[in-house]
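I kept these notes while browsing the structure, one stop at a time. Have it open beside you and follow along.

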Amino acid sequence: MNLKEQTFFEDNHGFMTVHHLVIQGTNHEIGSSLGELARERFGRTPAHYAADPVIARARRAYFQRNYPIHWARVEGVAAAFGVDPEDDRYDLSGLGFNLDLPLPPMGCSVVYYPPAATVSGSGYLSRNYDFSTGSLADIMQIPLPPEVKSQLVPVMSSPYVMEWYPEDGGYASIAIHAFELLSGTLDGMNSAGLVVSIMADEEAIGELGPRLEVHPGSAHVVGVHELQVMRLLLDTCATVQEAKDALLTSKQYYSFIPCHYIIADQAGNSFIYENSTGRNAQFVIEGGGKPQVVTNFQVYKHPTADQQPHGALTLENNAFWRYHTLIDRIAGHQGLFSPEDLKENNDCVNIFNLFEEISTDPSQSSIAASLQARTLWHSLYDQQGRSVEFSFYLGEESQTGGKRRERRSDYMKFVLRNVSG
C-alpha cells in the first residue's frame, strides 16, 4: 500500500485546511487507512458507530451483495479499529467527522459543458459548493458559553481531496470529501471520465419541514445514503447508462437531507437524477448533448422557463435566480467556452457576490448580512485531462467604507494518474 498526504493553507490563517490524500492499494487497505485516520486524527472509536444489531446485520448483507467494493473497505475500517467486521454491535460503513447533528442545505450551482461546447473539445463539470462557515453550534443555533463556543471548529474546516487507486476492483477516482471520510463524496471524477456532483433538494426540504426524516446517529435503514450514492457511481460506472442503471436499481435513503445529482460521461452525455419529495418516484432529466444547469429546485417539477419563478433576487428565490443567471449567460455566449469562461460563469453566482446583490435592497440587507453561507470552493473537472482545479474560500477582510472582500485561493490543479479503471 502507498499513502501520501499534503495539507494546504494550514499556516495561512485561512478558514479551512485542505487535505490532499492519495491512497493506492487494495480496497481493504484503503478502508484501513481511512479507519486509522478517523481513529488517530478525529478520536473515533467503535463506540461512535454503535448500531441496532438487527439493522447492522441487514446493512452488512446489503453491502456484501450489492456493493462489495465498499464492503471490502468496511472490513479494512474494522481492522483499523480492532473489531470483527461482522460484529453487529457496530456499523462501520461510514466514518463521520466534525458532524454529529443534521447539516443545513447545500445551496450549490452546477453546470455540465459537453465536449462539443468547449474550445478544448473536453467536457467540463463546473461546480460551486455553497455551505455554512459556522460550527455545529452556529448551524443549529445552540446557545453555548463563549469560552466553549470559541473552541468549536467550523463544520467545513477540513475537506479532503481524495485520490484512490484501488488494486482489486473499482475505478480510480479523485473526489472531494467532507463530513465522512469513507464515502462522503461531494463531487468527483473517475478514471473512465465519469463526473458527478450532488446538490441539496431545497424544495423537498421545505415541503417536508418537521417531517424531514434525518438519521443523525446510527441509520435505521438499509441502502446507500445521499453521499454514498456518489461514491457508488465513481467506483462502478463508466458511462451515463451505467450510472442511470445504478441509481434506478439501488436502494437509497438520505441520512440528513434530500439531494439530487448531475452525472456526465466522457462522451458528453449528461443527466440530472431526482427522487420525488416522498421518494416514491424517480426522475431522469436528460442533458441532450447541450450544457446542462442545475441548482437547488426540483427540475422535474419546473422543467421549462414558464414553470419557473422569475424576478429580482431574494433569499427565497435564489435557487431559481442562480439557475436563470447561468442559463442566460450560456445562451448569450458567442462561440465555444474556454475554462476561464466557465470560471467566470460560476463566479456570477458565487454566494458572496449573491449576498452583495441582495444587500442593495434595504429590506433584505440585514438578513443577507447575518447569513454565514459562502461558496467554499469552485471545482472545475476536465474529463479529457482527468484533472480538477479547485479555488477555496479562505475568509474575508475589511476594506474602507465598511465593505468586506472575499479571500480565495488561486486555482489548485490535481491530476488523476493514468491507470486502467
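This is a predicted model: local features need pLDDT of at least 70, side-chain atom pairs count only at pLDDT 80 or more; totals for chains, interfaces and linings use all residues.

**Entry 1: Ser157.** I began with Ser157, which sits in the loop between α5 (146-149) and β5 (160-166). Is Ser157 buried or exposed? Its relative accessibility is 11%, and buried means under 20%, so I put Ser157 down as buried. I then looked for what its side chain reaches, and found the backbone oxygen of Pro154 at 2.9 Å.

**Entry 2: the open sheet.** Next I traced the strand order of an open sheet of nine strands: β1-β2-β5-β6-β7-β8-β9-β10-β11, with mixed pairing. Which strands stand at the edges? They are β1 (2-8) and β11, and each has a single partner strand, so one side of each has no neighbour in the sheet. From one strand to the next, I noted a twist that averages 15°.

**Entry 3: around β2.** I stayed with the sheet and looked at strand β2 (residues 18-25). Seven of its eight residues are buried, so the rest of the structure largely encloses β2. On one pairing, β2 runs antiparallel to β1, with seven bridges. Here I found Gln6 opposite His20 of β2. β2 also pairs with β5, this time in parallel, again over seven bridges. His20 turns up here as well, with Val161 of β5 as its bridge partner.

**Entry 4: the β11 end.** I then went over to β10 and β11, which run antiparallel and are joined by five bridges. In this pairing, Ile272 stands opposite Ile285 of β11.

**Entry 5: helix α8.** What lies across β9, β10 and β11? I found α8 there, running at about 5° to β10. The helix spans residues 240-249, and its buried residues are Val240, Ala243, Lys244, Ala246 and Leu247. Looking down the axis of α8, I see these buried residues fall within an arc of 165°, so they line one face of the helix.

**Entry 6: the nonpolar cores.** How many residues does the largest nonpolar core have? I get 108, and the residues with the most contacts inside it are Leu233, Ile263 and Phe392. Helix α3 (residues 68-81) gives the most to this core, with six residues. A second, separate core of six residues includes Leu313, Leu315, Leu354 and Phe355. I went back to Leu233 for its contacts beyond four places in sequence.

**Entry 7: β4.** My last stop was strand β4 (residues 124-132). Nine of its nine residues are buried, so β4 is largely enclosed by the rest of the structure. Which strands pair with β4? One is strand β3 (residues 109-113), antiparallel to β4 over five bridges. In that pairing, Tyr113 has Tyr124 of β4 as its bridge partner. Another is strand β13 (residues 373-382), also antiparallel, joined to β4 by nine bridges. There I noted Leu125 with its bridge partner Tyr381 in β13.

Notes. Residues are numbered from 1 along each chain as its sequence is written. Side-chain values use heavy atoms; hydrogens and water are left out. Buried means under 20% relative accessible area, exposed over 50%, partly exposed in between (1.4 Å probe, protein chains only). Helices (H or I, at least four residues) and strands (E, at least two) are DSSP runs, numbered from the N terminus. The arc is that of the directions from the helix axis to the C-beta atoms. Two strands pair if DSSP finds at least two bridges between them. Axes are lines fitted to C-alpha atoms, for helices over the stretch in contact, and angles run from 0 to 180 degrees between N-to-C directions. Contact means heavy atoms within 4.5 Å. A polar contact is a pair of N or O atoms within 3.5 Å; within protein, one must be able to donate a hydrogen and the other to accept it, and residues adjacent in sequence count only if both atoms are side-chain atoms. A nonpolar core is a set of buried Ala, Val, Leu, Ile, Met, Phe, Trp, Tyr and Cys residues joined through side-chain atoms within 4.5 Å.
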